[in-house]
Amino acid sequence: FPVTIKALKLTEEFSRDILHDINTPLASIRLNAEILRAKSPNDKKIERISKSADAIEALGENLKSYLEQHKHSAENFWIEDILKEQVASFEKLFPNLKYKIEGKNFEIFAHKDAVYRIFDNLISNASKYNKTNGAVKIKLDNKNKTVNIEDNGKGFSNPAKIFDRYYKENSQGIGIGLHIVKKFCDEMKIKIELKTLESGSIFSLDFAKLTKGAL
C-alpha cells in the first residue's frame, strides 16, 4: 500500500503552509509574553498565553514528525493497541472521566504514527470538552472496520464547519486540530464522519480501505 506521489505532495504543501503560518506569529507571541511576564510575573493570563504558544508549537512538531514518518513504509498493526495506549495516558490527565473500549479488534495496514495522531486529537477533544464526570466510549466494529469515539460534551452547533481551518466553537484551542485530522484521513482514505447529539458527539472512522482485503 505505497504512498502516492499526489498524497505526499499534498502533505508537504499543507505542512509548509501551516508551519509558515505558525512560526511568525508564534515568535511575536512569545516575545510579548516574556515582556509582560517581566512586568507581572504572577499574572495567570500571561501564563495561559505562554501555554497556548506551547500548544501551537506542539502542533508544528506534530506535522514535522508526520512528514518524517510519511517517508517510511506502512505497517500492519492492531487498532486496539494504539487506543489502549492513548486511553491509559488520558485516564491520568482526566481522572474525573470514564473511558471504555469495547468491540472486536481488527488489523490495518497504514502509517502508524499518522493514525496515532488522528486518535490522539479526537480523544483529546472528547476529553477536554466533555462534561464533569462524563465518559468517552470507543467502539470497534471488526465487521465494518470502523471505530466510533463518543463523548458526553455539548456537541457541535455547526458540524458542517468543524473540519474548516481555524474554525472553533469555543475560546480554547486555535482551530486547526480537526482540520489536520481531516487532511490525514483524506490522504489515507479513512472516511471520517461526525454525528452531533444533544449531549455529546460521535466521530466515526472507516478503515475498510486499509485492511488486508482491500489491498
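**Figure 1. Overall surface and fold of the predicted model.** The chain exposes about 12500 Å², of which carbon and sulfur atoms supply 51%, and the model shown here is a predicted one. Of the 215 residues of the chain, 39% count as buried. The secondary structure amounts to five helices and seven strands, and these elements follow one another from the N terminus in the order α-α-β-α-β-β-α-β-β-α-β-β. Among contacts in the chain with a separation of 6 or more, 71% are between residues 24 or more positions apart.

**Figure 2. The largest nonpolar core.** This core holds 38 residues, and those that touch the most other members are Ile79, Val115, Phe119, Val147, Ile149, Leu205 and Phe207. Two or more residues each are given to this core by helices H3 (79–93), H4 (112–128) and H5 (177–188), together with strands E3 (107–110), E4 (135–141), E5 (146–151) and E7 (200–206). Helix H4 provides the largest share of the core, seven residues.

**Figure 3. Surroundings of Val115.** Val115 is among the residues that touch the most other members of the largest nonpolar core. When its neighbours within four places in sequence are left aside, Val115 is in contact with Phe77, Ile79, Ile82, Ile108, Ala110, Met188 and Phe207.

Figure 4. Apart from its neighbours within four places in sequence, Ser127 is in contact with Phe90, Phe94, Leu97, Tyr99 and Val136.

Technical notes: Residues are numbered from 1 along each chain as its sequence is written. This is a predicted model: local features need pLDDT of at least 70, side-chain atom pairs count only at pLDDT 80 or more; totals for chains, interfaces and linings use all residues. Side-chain values use heavy atoms; hydrogens and water are left out. A nonpolar core is a set of buried Ala, Val, Leu, Ile, Met, Phe, Trp, Tyr and Cys residues joined through side-chain atoms within 4.5 Å. Buried means under 20% relative accessible area, exposed over 50%, partly exposed in between (1.4 Å probe, protein chains only). Helices (H or I, at least four residues) and strands (E, at least two) are DSSP runs, numbered from the N terminus. Contact means heavy atoms within 4.5 Å. Accessible areas come from the Shrake-Rupley method with a 1.4 Å probe; for residues, only the protein chains shown count as cover.
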